[in-house]
Amino acid sequence: MVKRDNTRIQRKNKIIILEAALDVFSKQGFSGATLDQIAKQAGLSKPNILYYFNSKEAIHLCLLQRLLKEWLEPLQQLNPNGEPISEIIGYVQRKLEMSKMYPRESKLFAIEILQGAKHLKQFIKSDIKISIMVHISPIKTIRNTLFVKLLKSVDETFIFPFLF
């Protein structure tokens, strides 16, 4: 859980911690990362890190939540009335551009997905599903017209967040 951060110094330290953690997690993965590595990268003490975040997992979840907000933006740009192929091409182009602009975040997300999305499951079943349900029409049309044979048993709410 994230603790309160009202002062300028507290906001600055939280940003420093999250940037350091992004570096560490994107290189080491969740299992390989330690609070000591994050503290060293941030130039702060481990107790100082724990003042802002209760655990390594709390830092990781904070990063993933921030990442998901950004990663879902291209999905929200889908036009339900648009031509399905154009919409999916535009979506993939936006996602590829984001991956170029945010390589550490892309790696963090990829590692999380490759490790079974253990930390993302709660968001996948709630936040992402809600966002996708709003854009379900083009997703269903795309599934039905392009991928019907390959994706018959795949729930469409899990398709688009993972194209990165």
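Buried, as used here, means under 20% relative accessible area, exposed means over 50%, and partly exposed is anything in between, with a 1.4 Å probe and protein chains only. By that rule aspartate 23, at 18% relative accessibility, counts as buried.

Some ground rules first. This is a predicted model, in which local features need pLDDT of at least 70 and side-chain atom pairs count only at pLDDT 80 or more, while totals for chains, interfaces and linings use all residues. Residues are numbered from 1 along each chain as its sequence is written, and side-chain values use heavy atoms, leaving out hydrogens and water.

**The overall picture**

The protein has nine helices and zero strands; both are DSSP runs numbered from the N terminus, helices being H or I with at least four residues and strands being E with at least two. Going along the sequence, the pattern reads α-α-α-α-α-α-α-α-α. Of the 164 residues in the protein, 45% are buried. Contact here means heavy atoms within 4.5 Å. Among contacts between residues at least 6 apart in sequence, 68% join residues at least 24 apart.

**Salt bridges**

Side chains of opposite charge can pair when their charged atoms come close. The cut-off used here is a side-chain nitrogen of Lys or Arg within 4 Å of a carboxyl oxygen of Asp or Glu. A search of the whole structure turns up three such salt bridges, listed below.

| Salt bridge | Closest N to O |
|---|---|
| Arginine 104 and glutamate 19 | 2.7 Å |
| Aspartate 23 and arginine 104 | 2.7 Å |

Let's take arginine 104 to begin with. Its salt bridge with glutamate 19 has the closest N and O atoms 2.7 Å apart. That pair links distant parts of the chain, with arginine 104 in helix H7 (residues 103–114) and glutamate 19 in helix H1 (residues 8–32), 85 residues apart. Arginine 104 is partly exposed, with a relative accessible area of 25%, and glutamate 19 is partly exposed too, at 34%.

Aspartate 23 also forms a salt bridge with arginine 104. Aspartate 23 sits in H1 and arginine 104 in H7, so this pair ties together parts that are 81 residues apart in sequence.

Aspartate 36 belongs to helix H2 (residues 35–42) and lysine 46 to helix H3 (residues 46–52), 10 residues apart. Aspartate 36 is partly exposed at 47% relative accessibility, and lysine 46 is partly exposed at 35%. As for networks, salt bridges that share partners join Glu19, Asp23 and Arg104 into one.

Two packed helices are described by the angle between their axes and the distance between the axes. Axes here are lines fitted to C-alpha atoms, for helices over the stretch in contact, and angles run from 0 to 180 degrees between N-to-C directions.

H1 and H7 pack at an angle of about 50°, with axes 8 Å apart. They are therefore oblique to each other, given that angles under 35 degrees count as roughly parallel, over 145 as roughly antiparallel, 65 to 115 as roughly perpendicular and the rest as oblique. H1 passes H7 in a left-handed crossing; the hand is left if the near helix is turned anticlockwise from the far one by less than a right angle, and right if clockwise. On the H1 side the contact includes Glu19, Asp23 and Phe25, and on the H7 side Arg104 and Leu108 are among the residues. The contact residues divide into four nonpolar, two polar and six charged.

Asp23 and Phe25 of H1 are among the residues making the contact, as are Gln37 and Ile38 of H2. Here the residues divide into eight nonpolar, four polar and one charged.

**Two more residues**

Histidine 60 is found in helix H4 (residues 56–71) and is buried, at 2% relative accessibility. Leaving aside residues up to four places away in sequence, histidine 60 touches Phe25, Phe30, Leu108, Glu112 and His119.

Serine 31 is in H1 and counts as exposed, at 63% relative accessibility.

How values were computed. Nonpolar A, V, L, I, M, F, W, Y, C, P; charged D, E, K, R; others polar.
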